Amino acid sequence: MNCVGDDMGVIVRTAARATIPLIGIFGSYIVAHGHLTPGGGFQGGATIAGAGILFLLAFGLDEMKKRYNKNLYSALEGIGGLAFLGAAMLGIGVAFFYNTLWHNGPFFSGKPGTLLSAGFLPIMNLAVGLKVFTGLVSAMAGLALYRRWRE
Amino acid sequence: MSAEILPYLIIIPLFGAFSMPMVNLAGRKAREAWAVLISGATLAVGSWVFYWVYEKGTVLYTLGAKSPFGQANFPIRIVWEVDLFGALMVLMVTFVAFMAVIYSLGYMRHDTGLDKYYTLIIILELGMLGIAITGDLFNFYVFLEIMSIASYALVAFRNDTWEAIEAGIKYMFVGSVASSLILLGIALLYGEYGTLTMGYLALKLSQNPTIVGKVALALFISGLLFKSGASPVHMWLADAHPAAPSSISAMLSGLVIKIGGIYALARIAFSIYGASVSVKTVGWLIILFACITLIVGNAMAVIQTDMKRLLAYSSVGQIGYILLGIGIGLAAYGSQTGEIALAGAIYHTFNHALMKGLLFLIAGAVIHQLGTRDLNELSGLAKTMPKTTFAFLIGAAAIIGMPPLNGFASKWLIYESSALFNPVLGAIAIIGTAFCTAAYVRVLYTFFGRPSERVMEAKDPEKSMLWPMLILTIAIIVMGLFPWGISDKVMIPAAKALENQLAYVATLMGGG
């Protein structure tokens, strides 16, 4: 039916609508449990970016352009990096990367194995996840926008 | 231990690079000011680190704790360990990178995507600083990759020309192969000895030298010779360095091949393997490659008509001298000759960073004015670009090794030690210089020749491009005024610090 747009048709779009939230939730789970289970910021961020890439493929570049803001994603990527650096600098009084939250609190200092433990690791996982997600989505959007061939 | 300043060498550029996308929203002026501010602050920290290490000796910094020993009885944490050699490299990197950033303000003005350019140039500096200060093998690999990936992207930065893209892809393939060799070497060592800390690895290796350790050394040497552009594998360098924007070429030729190749090679050969392999064999192996590099690089420079390609081949040739110094330093380990050779190599590393940085910045100014780097069209440039030509004259004279300039002292140390070690090597080094002289005299002859029509409308570049060139020229002249003072006060102690594996290990095991 929809032959003019660059999306992939109604079947793929419907399936994508159903799966994108699930992929996002699964990726967020991997990020949030990075210090407990296999995976972490990078893997989870890449999974969430998979949802963004699926959106780009299923709904097409035109739809993507409406929802994607280059400056916002660049800034978010920078914030991810800065949050990582900030977490690493929390314990600069002792040493760079000193895990002061884990040793002294006030939060993320629970029993090992619980969600709110491991000091700065959850913060770093979130920061890396944000950075990887925004970076990969930006890279894919860039590839789609600036391709040099015509079909 | 008061090494609190050390992490700021990494923190400041990291902060600058990550915040660049946000600063970029405030416009072009803010972005440029930010880049200059960050690299200037890094230079200040770098100078302070150098001063500190020079006054107080080797510095040890543990990441994440007070001491490198956890609950274990061996160093388990990531450490940074800076001896005088490393501190000298830090000073060199921060200085030349600062000059390149200032130069970029004028030189890159007409390009787009500059937020990414400044982010990448700061990341490149960060990677090099990390390699210079690290005392942990895997940490070294991570910084090596940060540096390499930033330089692949920067080589292909002007992606409107196929030349740049081709060079970038070629550089990426070769660089990735080299990195994989190094990673494999690290994996072998980790599997065999169960530690990645350089100093502790040295201890384990000397207690129990195995064939796996030797295989790992072979992988390191091959990978790092790739990265430094030594001769049988220099083909990527001659493409990548001319294709990059000139400010980047200055950093690639002046810094990246030194830090990612020479420095790492010297660090691994001396500080890790110094006591556990036959230094004579390894030394002669490096000397062999050095001689090939020396002749091939300088000879290829003579026949180039592309100015930047000539400079790139000349870099290959100068890497040959540095490798020769390091090879003799290894082969004659412990003797006076070896120490002089090593000091010459370190001295030449520093000098060549200044000289080649300057020469590439000049090449960039010429391209900026005339849009060509073909030497056949640059005849008579001295008339219309006198300041640039003067700077080129100084840079070329220094790289040839003319007496009043800084290149003389470092080359003299290398000639002297190689002649003492083995006269044939001395002869080869002199032949290399003959080729080098021929190449640069040719360029100078072109510059001072009869002006062609094309160069008549050229003029000296604007201030932001002229100042870095002038500062580098002044640095070359001033360093040339005190050749033996610098050699005795800085370079010989740096060579001693590098040779003294025991002290390197003791600083680590002492716990800092």
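Biologist: Where in chain A is A:Phe97 placed?

Modeller: A:Phe97 sits in the loop between helix H3 (70–89) and helix H4 (100–104) of chain A, where helices are DSSP runs of H or I with at least four residues and strands are runs of E with at least two, numbered from the N terminus. This is a predicted model, in which local features need pLDDT of at least 70 and side-chain atom pairs count only at pLDDT 80 or more, while totals for chains, interfaces and linings use all residues. Residues are numbered from 1 along each chain as its sequence is written, and chains are lettered from A and ligands numbered from 1 in the order in which they are written.

Biologist: Why is A:Phe97 called buried?

Modeller: A residue is buried if 20 or more other C-beta atoms, placed from the backbone, lie within 10 Å of its own, exposed if 12 or fewer, and partly exposed in between. A:Phe97 has 20 such atoms within 10 Å, and is therefore buried. Its phi is near 70°, a positive value in a residue other than glycine.

Biologist: Why is B:Ile76 called partly exposed?

Modeller: B:Ile76 has 17 other C-beta atoms within 10 Å, so it counts as partly exposed. B:Ile76 lies in the loop between strand S1 (59–62) and strand S2 (79–82) of chain B. Not counting residues up to four places away in sequence, B:Ile76 touches B:Phe69 and B:Gly70, contact being defined by C-beta atoms, placed from the backbone, within 7 Å.

Biologist: What makes B:Gly432 buried, and what makes B:Val441 partly exposed?

Modeller: B:Gly432 is found in helix H17 of chain B, and B:Val441 is in helix H17 of chain B as well. B:Gly432 has 25 other C-beta atoms within 10 Å, and so it is buried; B:Val441 has 13 C-beta neighbours inside 10 Å, and so it counts as partly exposed. Leaving aside neighbours within four places in sequence, B:Gly432 is in contact with residues including B:Leu294, B:Asn298 and B:Gly317. B:Gly432 and B:Gly317 are 115 residues apart in sequence, yet their C-alpha atoms are 7.4 Å apart in space.

Biologist: What is the handedness of the crossing of H7(B) and H20(B)?

Modeller: The axes of H7 (residues 198–207) and H20 (residues 501–509) of chain B come within 8 Å and cross at roughly 120°, with axes fitted to C-alpha atoms, for helices over the stretch in contact, and angles taken from 0 to 180 degrees between N-to-C directions. The crossing is left-handed, a word used if the near helix is turned anticlockwise from the far one by less than a right angle, while clockwise gives right-handed. Among the residues that meet are B:Tyr200 and B:Leu203 in H7(B) and B:Tyr504 and B:Leu508 in H20(B).

Biologist: How many residues does each chain bring to the contact of chain A with chain B?

Modeller: The contact takes 15 residues from chain A and 15 residues from chain B.

Definitions and conventions
Two residues are in contact if their C-beta atoms, placed from the backbone, lie within 7 Å.
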